[in-house]
Amino acid sequence: MSIYQSSNSRYWQYDFVWRGARFYGSTRETSKRRAEKVVDRIKLDVKTGTGKPQKTLDDVAQSYWDSTGKHAIDAKGDEERLYRLIKYIGADRPMSQIAEPEISKAVEARRKEGSLRGKTAKPLSNATINRTVPELFKRIHQHARFVMKVEVAEINWKVVRLQETEPRSRELTRDEEDALFKNLRTDMHAIVLFALATGLRKENAVSIRRRDIDLRQRQLTVKVKSDRPGRKTHCIPLTDAMVELLTTEMSLHRHDCVFSYQPHDTHGNPKPGAERRPMTTAALRPQWKRALTGANIEDFRWHDLRHTAGSRCARIAGLNVTKELLGHESIATTTRYAHVTRHDMLQAMEKMAAPSVAESRNSPGASNQK
């Protein structure tokens with residue numbers, strides 16, 4: 001049957017096979033006569049080689065996953081997000097019939113579902129929704145169009161994306177830094193100091209191993225986030241203070257990791273005779289939160305240490321050096337860390353307002369003052 005009516009649509013549908021390829025979808029016509037004319041044109045396009053076969057979202061998603069998705073850095077997370085996306089839109093919906101309305105409905109469904117972490121669902125940011133719905137579907141859409149060469153709907157991606165807030169620019173002040181370390185447990189000082197000096201992400205700082213440190217060459221080698229398959233190797237030179245900090249830290253235990261912590265009892269006292277354990281995010285998280293609370297530091301996250309390191313470096317050495325320190329692939333990313341404080345602006349304005357030597361010599365009355 002090449003043309004028929006479905007119970008869940010007012011439009012006439014078409015479905016036929018040509019040389020082993022299946023072509024199906026909606027004619028977008030409510031009149032059978034007009035629908036037959038549409039199908040005749042589609043068949044002519046197919047037979048002359050200008051028509052494209054139809055594929056469902058499920059077909060394309062499976063092809064995308066097999067060829068690209070499962071090799072991504074966050075493959076496990078993408079698999080879960082892909083499952084949700086198919087659930088929102090419908091596995092059997094042809095790609096040619098998925099446009100702005102369908103994606104917008106999926107965006108709203110994702111918003112209502114919220115975060116699945118914890119016992120209660122929490123609201124999601126617009127950035128998270130964008131990554132998990134329109135941006136993910138765009139990758140599938142491009143795979144269908146350019147790899148599978150199947151028919152897809154033209155989509156205005158700006159329409160379906162939600163407006164995102166400006167990137168965070170939270171920076172730790174020197175007073176806040178002092179208060180943080182006064183309230184932070186001493187066995188956690190080393191890893192926080194190192195992160196503040198290098199701008200390392202939490203997972204990178206926790207996962208440093210002895211083999212990653214070359215004391216002779218005075219450098220640290222880590223694997224950082226990258227858009228490329230696998231992870232990017234990033235080398236950070238070590239200052240005298242960093243070498244001393246790392247050497248001291250490694251001398252406290254025999255584990256392969258670099259950073260460690262001392263087990264404490266429920267009263268917050270070190271357990272007598274207990275050996276130090278490898279640092280983990282689970283051990284670091286409660287101490288970090290407790291220190292922020294004790295220091296009365298609000299709206300501050302671990303990743304803001306990276307912002308702080310980047311901003312301080314940008315003021316001293318400029319964006320190019322900061323780009324290398326943070327391991328960015330593009331200078332455009334680094335510009336987000338070049339935050340300007342009120343103090344910076346005041347200093348610049350005072351320097352602009354101060355008369356130069358040449359101006360003072362040419363000022364009225366200068367020639368008489370000899």
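Colleague: In this predicted model, which residues does Leucine 246 touch, leaving aside those up to four places away in sequence?

Modeller: Leucine 246 touches Phe194, Ile213, Leu238, Val258 and Phe259, not counting residues up to four places away in sequence, and each is called a contact because heavy atoms lie within 4.5 Å.

Colleague: What makes the set of 44 residues a nonpolar core?

Modeller: The name asks for buried residues of nonpolar kinds joined through side-chain atoms within 4.5 Å, and the largest such set here has 44 residues. Ile191, Val192, Phe194, Ile208, Leu246, Phe259 and Leu305 touch the most other members. Several elements give two or more residues to this core, among them strand 5 (219-224), helix 11 (240-250) and helix 13 (303-317), while the largest share, six residues, comes from helix 9. Apart from this core lies another, of 29 residues, including Val60, Ile129, Leu136 and Phe137. In soluble globular proteins, nonpolar side chains tend to be buried together.

Colleague: How do you know which residues of helix 2 are buried, and why do they line one face?

Modeller: A residue is called buried when its relative accessible area is under 20%, and in helix 2 (residues 57-67) those residues are Leu57, Val60, Ala61, Tyr64 and Trp65. Seen down the axis of helix 2, these buried residues fall within an arc of 135°, so they line one face of the helix. An α-helix has 3.6 residues a turn, so residues three or four places apart point the same way. What covers the buried residues of helix 2 includes helix 3 (75-89) and helix 6 (134-147).

Colleague: What makes the second largest pocket a pocket, and what volume does it have?

Modeller: The word pocket is used because the set of points is open, and the second largest pocket has a volume of about 430 Å³. Of the 19 residues that line this pocket, Asn8, Gln13, Asp92, Pro94 and Gln97 are the closest to its centre. Strand 3 provides the largest share of the lining, four residues, and by class the lining has five nonpolar, eight polar and six charged residues.

Technical notes: Residues are numbered from 1 along each chain as its sequence is written. This is a predicted model: local features need pLDDT of at least 70, side-chain atom pairs count only at pLDDT 80 or more; totals for chains, interfaces and linings use all residues. Side-chain values use heavy atoms; hydrogens and water are left out. Buried means under 20% relative accessible area, exposed over 50%, partly exposed in between (1.4 Å probe, protein chains only). The arc is that of the directions from the helix axis to the C-beta atoms. On a 1 Å grid over the protein atoms alone, a cavity is a set of points where a 1.4 Å probe fits but cannot get out, and a pocket is an open set with protein on both sides within 12 Å along at least five of seven lines; lining residues have an atom within 4 Å of a point. Grid points are joined across faces, edges and corners, and a volume is the space filled by probe spheres set on the points. Ala, Val, Leu, Ile, Met, Phe, Trp, Tyr, Cys and Pro count as nonpolar, Asp, Glu, Lys and Arg as charged, and the others, Gly among them, as polar.
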